[in-house]
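User: I'm new to this one and would like a walk through it. Could you take it slowly?

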Amino acid sequence: MQTIESVDLRQLELWREEFRENGFLVLPGVLSGEECAKYIDVLDRLDQTITQSARDRPRQPGDRLELRSCVKKAPEFMELVDRPDILTLLGFLLGYNIQLGNSHAFIRPGYERAAGESPQGLFGWHRDLMRTATPINGRYPHLATRVGYFFTPADEPTMGSLFVVPGSHRTAGRPAWNRTTDQPYGMHELLVEAGSAVLFDNRLWHSTSPNYSSHARKNLYLEYAQRWLRPFDYYFQDDAVYAAASPVLKQLLGYDFTNIEDGYVGYQEPHEVDTPLRSWLAERGLPDIPLMTEEP
């Protein structure tokens, strides 16, 4: 993948057009092999130490793992939160008034086909954050964008990859349904190599493919939302985290730069000090990024 920081404005515009049209982007080669190996080691360590999966489900090493609040449980993932190449693109897509909403890691072991799908704990067809807003004329607002980092390949069918319905983020209701297959018409399986990043709109209809391969799928999702939305799965009370963070990372981790009790409205109408990401983007040749991008 060409480094996002080095591309011209036209390339960013092409990515934005694709994202708005389809509701997702697939960016191969974002992470190097060495980076993937490092993050796999982190997940393998968590696999050996985490005894409760998300929603307090008991687990043993080697079971499927679903883990939220990963930036608190594994600080090694923190460096992905403000990764410059992806953050440049996120600012261009979402505006400069954004923060991390949640961090969500998975290990999905491979299963024999005879085992079926039930032990895999798959997510059926859904949109994200649908309990967070009310639709208007059947359409939901764009509340967040998720970045999926794939540390292992899912480059063949049924390796635990993502199923998506391109363009479904722009429509009201669920996609047209094929009763014969019990799947939506137009569904597409995203086959990705290790090191790929997948960005998708929270409104995009998607589901998880079963993993019938001999390898576990290991990946991490970071979800970014507007700063006026409360983080979904983490809250830092330790000032040491912010003391060690850059101004941009502080913003992305929900830091209060100004005090609302003093009359500031720094989340909805931020001052310059509230959003260091704005000047960070300007330094990279993007001085006109708006507070919030327009809907497609």
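User: What should I know before reading anything off it?

Analyst: This is a predicted model, in which local features need pLDDT of at least 70 and side-chain atom pairs count only at pLDDT 80 or more, while totals for chains, interfaces and linings use all residues. Residues are numbered from 1 along each chain as its sequence is written, and side-chain values use heavy atoms, with hydrogens and water left out.

User: How many helices and strands does the protein have?

Analyst: The protein has eight helices and 13 strands; helices (H or I, at least four residues) and strands (E, at least two) are DSSP runs, numbered from the N terminus. Its radius of gyration is 19 Å, close to the 19 Å that the globule rule gives for 296 residues, so the protein is as compact as a globular protein of that length. That radius is taken over C-alpha atoms, and the globule rule is 2.2 Å times the number of residues to the power 0.38.

User: And what percentage of the residues count as buried?

Analyst: Of the 296 residues, 51% count as buried, where buried means under 20% relative accessible area, exposed over 50%, and partly exposed in between (1.4 Å probe, protein chains only).

User: On to the sheets: in what order do the six strands come?

Analyst: The six strands form an open, antiparallel sheet in the order E1-E11-E6-E13-E5-E4, and two strands pair if DSSP finds at least two bridges between them. The edge strands are E1 (24-27) and E4 (65-68), each of which pairs on one side only.

User: What does E13 pair with?

Analyst: Strand E5 (residues 98-108) pairs with E13 in the antiparallel sense over ten bridges, and His104 has Tyr221 in E13 as its bridge partner. Strand E6 (residues 144-150) also pairs with E13 in the antiparallel sense, over seven bridges, with Ala144 standing opposite Ala225.

User: Is E13 (residues 217-226) largely enclosed or open?

Analyst: Ten of the ten residues of E13 are buried, so this strand is largely enclosed by the rest of the structure.

User: Changing topic, which residues have the most contacts inside the largest nonpolar core?

Analyst: That core has 56 residues, and those with the most contacts inside it are Phe77, Val81, Tyr149, Phe151 and Leu199. A nonpolar core is a set of buried Ala, Val, Leu, Ile, Met, Phe, Trp, Tyr and Cys residues joined through side-chain atoms within 4.5 Å. Helix H5 gives the most to this core, with seven residues.

User: Why is H5 described as largely enclosed?

Analyst: Ten of the eleven residues of H5 (residues 84-94) are buried, so the helix is largely enclosed by the rest of the structure. The buried residues include Ile86, Leu89 and Phe92, and the helix is followed by Gly95, whose phi is positive, near 100°.

User: What is Val81 in contact with?

Analyst: Leaving aside neighbours within four places in sequence, Val81 is in contact with Val71, Leu100, Leu222, Tyr224, Leu249, Leu252 and Leu253, where contact means heavy atoms within 4.5 Å.
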